[in-house]
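This briefing is meant for a reader who is meeting the structure for the first time. It begins with a single residue and then moves through the chains topic by topic.

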Amino acid sequence: MPDLEDLYREIILDHYRNPRNRGELDTPPAVRAEGFNPLCGDEVIVYVRLANGVIDDIKVGGQGCSISQASASMMSATVIGRTTEELHRLNHAFKTMMSIEPDPDDPPPANGNGADIKLGDLEALKGVVKFPVRIKCATLSWHTLTQALEEAQATA
Amino acid sequence: MALDPASIRADFPIMCRQVHGHRLVYLDSAATSQKPKPVIDALTDYYERYNSNVHRGSYQLAVEATEALEAARAKVAAFIGASRDAEVVFAKNATEAINLVARTWGRANLGPGDPVVITELEHHANIVPWHMLTAELGIELRWIPIDANGHLDLTDLDRLLDGARLVSVAAVSNVLGTINPIRQLADAAHRAGALMMVDASQYTPHLSTDVGEMGADFVAFTGHKMCGPTGIGVLWAKSELLEAMPPFLGGGEMILNVTKEGFSTAAVPWKFEAGTPPIAEAVGLGAAVDYLNGLGMEQIREHEVALTGYALRTLNQRYGDDITIHGPTEPAERGGVLSFEYKGIHPHDVAQVLDRSGVCVRAGHHCAKPLMRVLGCAATSRASMYVYNDESDVDALADALADADAFFIE
């Protein structure tokens, strides 16, 4: 069995104990999306506000295990201030790292699969791959963000 | 004579295996039980010696397979105190058995505004089929609440049962362990003119079952939680109800005659068993019934009450206010299912840490999301015990729990 230390890296536990960008945003102008992991009841709520194609602000709510909540916190800290195009690449890079099969409905970015993009703190979640059951916990917030952005683009 | 878990463990081949370098401490029997050798042998024996389709062939193998299937039905009928073997309908699991009642009896007998009464502690299997009928027929779903100890709160029962057509209740909660007053509810349901259905999935493996004493009209349970294989469950219902109910799935096995114009149904129980049934699984369930009878259901219950008492004492003494165990505090009022929260650490993380020591517990909402909402939590960790568990398993759980502190408690 891989070491639990690979899963519960200090930086992950720090995000879990001290979640960044916790809260809500007014909707509108922000959009809100909810994600559930039916397996274990994890719940992530993402509020995101776009301005000129840039993620102007993001807040995260919900409850769940350390991996789901830390991943949501790390995601919020990483994506704030990014363009939606950068986000698209980041999303692909993250899911590649998490060994998620590419979604045929969501082709990789034209300028590469995002593998060149720096994931920074998110790299700490790499150890989750050794615990396959927990991958869904780590990717829940990213799926929810994608959902929120789709909503934002639909209502724009 | 009291059960001897050490010798019982020798009957379960899986208990020999190691997990992450530790002996297997299996505390997830409420999800599925492990299987004793006689059950595994019954499956192998069926496939190696007399595999053939039932109720069709005139050759020796088919005769043996049909006899074995029907013998399993008779064993199950005797195990639950059914007055006739034909009252035992084989289904895939308890979920299918409950859906069978909703789809056949429910569709034939319920209409807009007809109340169906369930409780806050139901498994999704006894919630969603009724939500589906709410959407389809406009039935009214009513909920019996629970009190702070995890018992049903029956103070408002008369009002809840007023006009009710069906009351459907778990005999034992798969989250809280609460043993519900089924006979009392059945009598109240009948006085109100309603039928009574019991989800006995967490009951039949652990307590001596008598459908007549329960006062039920329908009883659903699954085989794989009572030492049987997966893929086999049971609906028991009174003969006159089964006779009157329309068929469930259509196909082979369930017919008497088929013409271009239509069909007529086979006699019960086969009317509800379309297609080739899970023959090996039924035979395996029969072997599981023999195995449990060999141990003695009264002895199993005694063992579990004692072990539950030990677990409650051990965890409470060791962890005090750091642990919250949901459900009734008296072992005699509950089954061996302990849902707990530890130091605010998320159950998924608790289960992950326990796994490192070979301790298997379930984490999550246990297919009871409405109950989780009532309890005010999104998930719990759940340790559930059975015939092969003993105090050493409880001790292993208690020891491994402290390991979570290293990661989550600053």
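Does His20(B) count as exposed or buried? In this predicted model, His20(B) has 11 C-beta neighbours inside 10 Å and therefore counts as exposed, since the cut-off for an exposed residue is 12 or fewer. The points below take up the backbone around this residue and elsewhere, then the helices, the sheet, the domains and the contact between the chains.

**Backbone features**

- Most residues other than glycine have a negative phi, and most peptide bonds are trans.
- His20(B), which sits in the loop between β1 (18-19) and β2 (22-23) of chain B, has a phi near 50°, a positive value in a residue other than glycine.
- Glu253(B) is not a glycine either, yet its phi is positive at about 70°; its place is in the loop between α9 (239-244) and β11 (255-258) of chain B.
- Because Glu253(B) has 18 C-beta neighbours inside 10 Å, this residue counts as partly exposed.
- In chain A, the peptide bond from Thr27(A) to Pro28(A) is cis, with omega near -20°, and a cis peptide bond also joins Pro28(A) and Pro29(A), with omega about 15°.
- Pro28(A) lies in the loop between α2 and β1 (31-37) of chain A, and Pro29(A) is likewise found in the loop between α2 and β1 of chain A.

**Helix packing in chain A**

- Helix α2 (residues 10-17) of chain A packs with helix α3 (residues 66-79) of chain A at an angle of about 85°, and the two axes are 8 Å apart.
- This angle makes α2(A) roughly perpendicular to α3(A), because angles of 65 to 115 degrees are counted in that way.
- From α2(A) the contact takes Ile12(A), Leu13(A), His15(A) and Tyr16(A), while α3(A) brings Ser66(A), Gln69(A), Ala70(A), Ser73(A) and Met74(A).
- By residue type, the contact of α2(A) with α3(A) divides into five nonpolar, four polar and no charged residues.

**The seven-stranded sheet of chain B**

- Chain B holds an open sheet of seven strands in the order β4-β10-β9-β8-β7-β5-β6, and the pairing is mixed.
- The edge strands of this sheet are β4 (88-91) and β6 (140-144) of chain B, each of which pairs on one side only.
- On average, neighbouring strands of this sheet are turned by 20° against each other, direction ignored.
- Strand β5 (residues 115-119) of chain B pairs with β6(B) in the parallel sense over five bridges, and the bridge partner of Val116(B) in β6(B) is Leu141(B).
- Helix α7 (residues 182-191) of chain B lies across β7 (166-170) and β8 (195-199) of chain B, and runs at about 155° to β8(B).

**Domains of chain B**

- Chain B is divided into domain 1 (5-31 + 296-408) and domain 2 (40-294), whose C-alpha centres lie 28 Å apart.
- The contact between them takes 27 residues from domain 1 of chain B and 26 residues from domain 2 of chain B.
- On the side of domain 1 that touches domain 2, the elements that give two or more residues are α11 (297-319), β14 (337-342), α13 (369-375) and β17 (380-384) of chain B, and α11(B) gives the most, with five residues.
- The residues of that side of domain 1 divide into twelve nonpolar, nine polar and six charged.

**Contact between the chains**

- In the contact between the two chains, 13 residues of chain A meet 13 residues of chain B.
- On the side of chain A that touches chain B, eight residues are nonpolar, four are polar and one is charged.

Key
Residues numbered from 1 in each chain as written. Chains lettered and ligands numbered in written order. Predicted model: local features only at pLDDT ≥ 70, side-chain atom pairs only at ≥ 80, totals over all residues. Contact = placed C-beta atoms within 7 Å. Nonpolar A, V, L, I, M, F, W, Y, C, P; charged D, E, K, R; others polar. Axes fitted to C-alpha atoms, helices over the stretch in contact; angles between N-to-C directions. Helix = DSSP H or I, 4+ residues; strand = E, 2+ residues; numbered from the N terminus. Parallel < 35°, antiparallel > 145°, perpendicular 65-115°, else oblique. Pairing = 2+ DSSP bridges. Buried ≥ 20, exposed ≤ 12 C-beta atoms within 10 Å, placed from the backbone. Domains from an automatic or database assignment.
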